[in-house]
Amino acid sequence: MALNLDPQRGIKTQQFKLALRLAWRDIRKHRGRSTLIAALIAMPIMIISAVLVVGFSKMPTIDETLSVQFGQTVGRVSLQYSDLANLRQGPLGDLSSVRFDDTAAQKPVAKNDQEFRDLLEADYEVLPLSHITVTSLLNQASFPISTTIGDVLNPAFAGKFTILEGRDTADPHEALASPGLLQRFNLQLGEKLATNAGEFTIVGVIRNHQVDDIDSGFYVQAADLPDDLAPDSSETAYYLAGDKPADWVFAQRLNHLGAVLTSSELMRNPPSAEEIGASASEFADMPEDNGTMLIASGALAAALVLLEVVLLAGAAFAVGTRKQQRDLTLLAVSGAESPTLRAVVTSGGLWLGTLGGLAGALIGTGVASWWILHKIGTGDAQIWLHIPWVLILALVAVAALAGVTAALAPARAVAKHVLRGSLGSRNADGLRTAKNRHRGFGFLGVAFLMLLAPLVIQALKIFEDFEVQMFVSTACVILGVLSLVTALILLTAPVIRLLTAKTSWLPLPLRLSSRDSVRNMSRTVPAVAAVLAAATLASTVMVYWSSVSELETNNYTWSYNPNQAALPLSVMGYSAQALGVVGGGMHDGQTVRQVDSDEVIPAALASLGTSARAQVLSGNVPEDECTLLDPKAREIGGQLQSPNCLSWALQEPAENRCLLAADGKPVDLSDWRCKGSMAATGSAGVLPNIVVGGEKELNSLLGRKASSESLKILASGGAVISNPVFLNSDGTTTLIAHDPYAELDEVADLPEDQRLQRGIPPAKHSYPLLASVEEPNKPIPYYAVISTETASRIGMPFNERLALISSDQLPSEAQNDALSIALLEAAGADYSWEPFETGPESTVAAGLWALVALSALITLSATSITSGLALADGREDHAVLASIGAAPRLRKALSASQLLLTSALGTVFGIAAGTTAAVSLQAPFRGMAVVIPWGHFAVLLFVVPLVGALVAWLSTASRLPLLRRRTLA
């Protein structure tokens, strides 16, 4: 019978099915190892899928946004900008900025409800909702309550407001409340709440879908309020109920009348750039550096997590394939070729990756969905359940790919061993070849180029679009760090041989472990690789966290020195007759009253105890307070102005001016002229610009004792300035009085796309004073301290501005509450004080150490898994040692030494790779502080290997089971 040599159809499919069946049998046979691999793959998929569900659930669809904003109405109209001339809005209406002509004369427009209703077309029913603040007593203190006035349970507001319990109001003295308000005031339905607007009976519990239930919300009808609290049109949003869409043409008509339209039609179908006109770019969204940086860091972390999974699963596969060699040899003897043998192992990776991906995706999606539904049920606003099924299925595919990738290297290695018939050479090292070294250096070159790419892109400005630049830079960094990790893995064997070349001087356990590491590279390299990937992830997150924390600290605006608070000694407000007046000017009825320091200081010190002390600070009278007290003041362009009221500041020399680039950051980020107190124009807070006083006042501002030289200059009529940028070359400073509303002087020779950080106000009066520089401990906002004699000599009006309270430690919450009540009793119900300065987020250091602990735990987990696999693989070696009389202590020391070597080397490699990746990722962000936490790295470097060695010591059994008997002849 003749042989049929024609190729058989479907042979590849048959081989693949055979590989899948054999792999499934092996998985069922070794359920422990298979469960470990599937769990390793499922864990990151579970986390990533949960993050995706939570993230997408916080991004509303257009229909959900419209429902929350408008309910069932077509939009709303706002008159809050009705006194501005030539008003222009963007497509988002009052949800974005508006533009107007600040040089044109103001024109009268509709100022009350009835006049405005006449401006609308007959197609809409107007439903006004007003927002004011009422007050009620809580714990003997006046508590502000956000109050909505209108028919919130009108069917047109379905989706915006929902009644949870009770009924709608039917009486002028009834009201609705949010769950948070009932909880804060410990009220039940049917009970009464006393406010400055009257006493109301709570008859219903309502949910506002724009805010959380925990927030305090109060809802009343317009007829229920006294006349002095009735809102005007600027505090009211007019919702339009009807069928006709409120389009861009209607918006332009309203803009001409001083109104702004926000509608569902504009949000669904925004006007084109041509329709918006020349102002289109003015309403464009600016790039969000922090959000983009977070997304980029998340993408890098996800890539490193998946790499860690591949390496850990690869180590498990490496052990499993060595146990599988005999079965694969029988398959090879029966005629199976190398691709078939590899397919058996990679099919196992496909099975386990798919199962792990499905399990992780289902668990992560389920847990996240439960959490989202729980948050929705408890009244959290701006959250919906959105499950991105396409991305979840893509994650499952990535998990399957990760399983195949993890099994690929062990599959190739075992196929070579089997086909060479080397059943007895299980310790053959396939990584000795020079080819792997060459590959390692090649990947190292690729990593260098990829990690350098973000710097080149930033320097050459290749992409104008910031988001495109970040996408490309993030992709380069991810490819670069993966190439770097691959290069370090390929170079691990040569490095280990180099480190263990001369070990004769080491103790016996270290000598044995070094020789065993070289002899069993197929066991050592996967262990180092797994620790390397975990340490890379940990160090990347640590550098990013440290850098962001440092940036926030550098950008923090200090109001006072730490543990200081301010008690203002003047209070600005409105007279009772002016409240609720419709159509009045902004400054009509505005008042200023002085507070006696002898009343508030004793009350404050009595509340805070003996650790607190007070210092009254005098200073220049602010321009806005001066104009209110000046009978000659007139309102010009919406601002109350007086020729007798000037602002006081220090004038910097021309050579000390700080230049800002187009991104708003200093051209030279290390320029000393761009730092310190009052570095930016208008950075003054409650502290007076110019403080008037002597040694005590100066010491309280500095946070330390002033030098004798500064005190001499202060007493002799000079000034002690807070920042050297205001010091002239001749040792003087220039104190100026200027009109705060005058146009700033311009510098003609500035480079393109650059501007001054501090404006140059035109001085009406200049006073050169001998100066000494005393920078405060923190860059708190004040210019200088001068004596009372100097202030009187130059004619600067001044009075007591505030009492600066200093405490040895931050007061407790109870002390702050007691202080608030005492100040209200001493200074009146309208008095408010500035809280104690806490500085930037104080939990950064603790959070970083917690991150170190978490990073160490992740790295230790990887170390423990790989060490367990290595111990299982090296059981026969330990049995041989025991058979020749090695004590249990020696075998424990050998295991600990092996783990110490692999974990230390992997941690060093990982810290280097992670730091490089984090620094490269931050390259596109100019001004991003790059902070390397060396101390935390040192802890990670020492703790992980030592704890891992201890775990290996404890995990090594003192007695070993008998593996086999041999007869010596």
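In the predicted model, D596 is partly exposed at a relative accessible area of 38% (buried means under 20%, exposed over 50%, partly exposed in between; 1.4 Å probe, protein chains only). This residue, D596, is placed in the loop between β15 (590-594) and α18 (597-608), where helices (H or I, at least four residues) and strands (E, at least two) are DSSP runs numbered from the N terminus. As this is a predicted model, local features need pLDDT of at least 70 and side-chain atom pairs count only at pLDDT 80 or more, while totals for chains, interfaces and linings use all residues. Residues are numbered from 1 along each chain as its sequence is written, and side-chain values use heavy atoms, with hydrogens and water left out.

With a disulfide defined as a pair of cysteine sulfur atoms within 2.5 Å, the count comes to 2. Counted along the chain, the bonded cysteines follow the pattern 1-2, 3-4. In the disulfide of C626 and C645 the sulfur atoms are 2.0 Å apart, and the link is left-handed, with -75° about the S-S bond. C626 lies in helix α19 (residues 623-629) and C645 in the loop between β18 (639-641) and β19 (647-651), so this pair ties together parts 19 residues apart in sequence. C645 is buried, at 1% relative accessible area.

C658 and C674 are joined by a disulfide with an S to S distance of 1.9 Å. The torsion about their S-S bond is about 100°, so this disulfide is right-handed. Both cysteines count as buried, C658 at 1% relative accessibility and C674 at 10%.
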